[in-house]
Amino acid sequence: CLGFPVSIFFIVVNEFCERFSYYGMKAVLTLYFTRFLHWDDNFATAIYHTFVALCYLTPILGAIIADSWLGKFKTILYLSIVYAIGQTVLSVGSISDLTDRNQDGSPDNVAVNIALSMIGLILIALGTGGIKPCVSAFGGDQFEDDQEKQRSTFFSLFYLSINAGSLLSTLITPTLRASQCGIHAKQECYPLAFGVPAILMAVALVVFVIGSKLYKKVKPQGNIILEVSKCVGFAIKNRFRHRSKQFPKREHWLDWASEKYDKQLIAQTKMVLRVLFLYIPLPMFWAVFDQQGSRWTLQATAMDGNFGFHIQPDQMQIVNPILIVIMVPVVDSLVYPLIKKCKLNFTPLKKMTVGMFLGSMAFVAAALVQVQIDKTYPVFPGAGQSQIKLINLGAVPATVHFQPELQTVAVAPNEAIGYLTFETSKLQSLHIISGNANETVTLEKLEKNRYTLPFKWNATEINWDLVFDNITSKPASGQSRVRFINNMAYTVNVTMGDTNFGPLDPLAVSNYSDVPKPYETYTISISAPLTAHCEAVSKTFGYGGAYTISVDGCVNNELDIKYFEDMAPNTVHMAWQIPQYFLLTCAEVLFSVTGLEFSYSQAPSNMKAVLQAGWLLTVAVGNIIVIIVAGVSTIKKQWAEYVLFAALLLVVCIIFAIMASFYTYIDPNEIEAQFRKEEKEEDKKDQDDNEKGAEADSRM
């Protein structure tokens, strides 16, 4: 079809569906850990990076299985089945109703959900990692030797399908996650967010199987990674056996493998090891880069995503693939030629060094954004402290004295003061004076928490209620939270949208509830026996805030309400993350794209797979670094952790620059041509010797 083997269209569609499945699931994974499984940020980050590390360790296993035993087709087929099962198990594990016997919307036995989720992620890591080195190579196998142009076009289409799958899934699955679903209680819909990628993986598998009769299937020919490993292992073992001084030294330690392996393999292994030595500092870059899906996503949950339309925190990851699609051609066609015109020797290793520096700067930018976010966080009571918020729901001003003689505050009618912080051990009571009445509230049994004290003067007395706020941080869901105070003289039932806040007695305060869609308005209504239905339209609440709404009265079926802000909503805009994404994407273009190009240019033709395995291994080790830091770090401030990673990458950047300055570029093709020439000369010499021997035999 159009000069291409028909089979490659099945492979491209398969890759699109698989990448959609992987990136869609991965985009919402961190928030699934923190919001559904209720893990803290550090543990969620550690498990996320454990999963990513596993995804980059298993490709080596997949390559060995494909090249040594099953072949690429069967490896892709079998591991895709494992992959699809993993996605399905993860989706089932995210169903809250699975063990929700009391029908409160939360799993009664979260261990079941955790177990299913972990089994699913392990199967996914085996599947996606195992097929990673096989699919592109299997596509390349479909072409004949004279179809070099078509093969090149195929790899462009293949790369396009990867980016298209990544872009669409990162846009769609966070939207599915943010939708509401559930049998007993509506909440974020993780079963749908994981279910759609599972369906796409099943589609990928079906598409791949449909094209099975059209594929050109190359039989396993042995894995070069194993061959190189055996060569290196034999050289080390042989050198150890001949470690005494009576054995003469050899030019290179790998030369000790010459007793078993030919000179060309040894020379090629030397070339590969020179490049792999340069890989040693590279994991630090990936430790920084892969935090887009963990720390940066968590950072976005504390930011304002209102762009006129709403962006979910996990959708901000889409900035990277969008910028990649734009910047790769711009850098290749504009930036590099301009640098060349300026006669600057911008070698591949120098590009990688600059990329590492820009990665470090990206985390400096992230730290600056985090400092601004931290400024918006409310101050919660510390050890031995309590906080009290005063709300005057009456029509006359009030004065409140905190005893013994700690502080006096004036509270205007229908206004609030708070939160006031006190040493719990010193605070004994507070005295309210309003109108012609006064009231003393005993505060001897306060704990380290926030409290709200609504009060109201009613002609002859002051009514009050001390309420435990039960909120110790920004809402974990990222959504705003609201509660209601009944400022009417009789009991009313309050609803907002589909949420029922229950019957509230006079001055009673409801529990906080999440606002499902904080950039939408809701109908607030009250009902009570022998009274007319009364309602009002709420304001929009934004993300990350907490509000108390007082229900003050009803006039002509119009509800009179007043808002008190308990916690400010997120005010730092998500757009401030774009500079750090831009710097990190520039770093990726200079580091990742150039690194692969450099590795392939310096590797022998039959050793590309070894360097690909080494490259993927640096990604895995980078994620392990994040796991270690998240697990053992005692840093309390997130901006300080960003600075730590920036500093570590900067140090590694300097080390890499020094290592790169000693590297000498080679042309593997010339070296291989030299070996072929020597091999021909040896064959010719052997042939001449055989002819001379035959001639001598005939004379005898």
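Mentor: Helices (H or I, at least four residues) and strands (E, at least two) are DSSP runs, numbered from the N terminus. This is a predicted model, in which local features need pLDDT of at least 70 and side-chain atom pairs count only at pLDDT 80 or more, while totals for chains, interfaces and linings use all residues. Residues are numbered from 1 along each chain as its sequence is written, and side-chain values use heavy atoms, with hydrogens and water left out.

Trainee: How many helices and strands does the protein chain have?

Mentor: Both kinds of element are present in the protein chain. The counts are 16 helices and 19 strands.

Trainee: Why is the protein chain described as more spread out than a compact globule?

Mentor: The radius of gyration is taken over C-alpha atoms, and the globule rule is 2.2 Å times the number of residues to the power 0.38. For 700 residues that rule gives 27 Å, and the protein chain is well over this, so it is more spread out than a compact globule. Along the principal axes, its C-alpha atoms fill a box of roughly 140 × 55 × 50 Å. The radius of gyration itself is 33 Å.

Trainee: What percentage of the residues in the protein chain is buried?

Mentor: Buried means under 20% relative accessible area, exposed over 50%, and partly exposed in between (1.4 Å probe, protein chains only). Of the 700 residues in the protein chain, the buried ones make up 50%.

Trainee: Among contacts between residues at least 6 apart in sequence, what percentage joins residues at least 24 apart?

Mentor: Contact means heavy atoms within 4.5 Å. Among the contacts of the protein chain between residues at least 6 apart in sequence, the share joining residues at least 24 apart is 72%.

Trainee: How far apart are the centres of the positive and negative side chains?

Mentor: Lys and Arg count as positive and Asp and Glu as negative, with His and the chain ends not counted. The place of a charge is NZ of Lys, CZ of Arg, CG of Asp or CD of Glu. The protein chain has 56 positive and 61 negative side chains. The centres of these two sets are separated by 8 Å.

Trainee: Which residue makes a polar contact with the side chain of Asn 238 through its own side chain?

Mentor: A polar contact is a pair of N or O atoms within 3.5 Å; within protein, one must be able to donate a hydrogen and the other to accept it, and residues adjacent in sequence count only if both atoms are side-chain atoms. Asn 238 is found in helix α7 (residues 224-241) and, at 4% relative accessibility, counts as buried. Not counting residues up to four places away in sequence, Asn 238 touches Trp 256 and Glu 259. The side-chain partner, at 3.1 Å, is Glu 259.

Trainee: Which backbone nitrogen does the side chain of His 252 reach?

Mentor: His 252 lies in the loop between α7 and α8 (263-278). Its relative accessibility of 28% makes His 252 partly exposed. At 3.0 Å, the side chain of His 252 reaches the backbone nitrogen of Leu 254.

Trainee: Is Thr 301 buried or exposed?

Mentor: Thr 301 is found in the loop between α10 (295-300) and α11 (319-341). Leaving out residues up to four places away in sequence, Thr 301 touches Leu 31, Arg 35, Pro 313, Gly 478 and Asn 570. The side chain of Thr 301 also reaches the backbone oxygen of Leu 298 at 2.4 Å. With a relative accessible area of 19%, Thr 301 is buried.

Trainee: How far apart in space are Thr 442 and Gln 403, C-alpha to C-alpha?

Mentor: Thr 442 lies in strand β8 (residues 437-442), and its relative accessible area of 54% makes Thr 442 exposed. In sequence, Thr 442 and Gln 403 are 39 residues apart. In space, C-alpha to C-alpha, the separation is 9.5 Å.

Trainee: Which residue is joined to Gln 403 by a cis peptide bond?

Mentor: The peptide bond in question runs on from Gln 403, with omega near 0°.

Trainee: What is the phi of Lys 343?

Mentor: Lys 343 is in the loop between α11 and α12 (348-376) and is exposed, at 76% relative accessibility. Although Lys 343 is not a glycine, its phi is positive, at about 60°.
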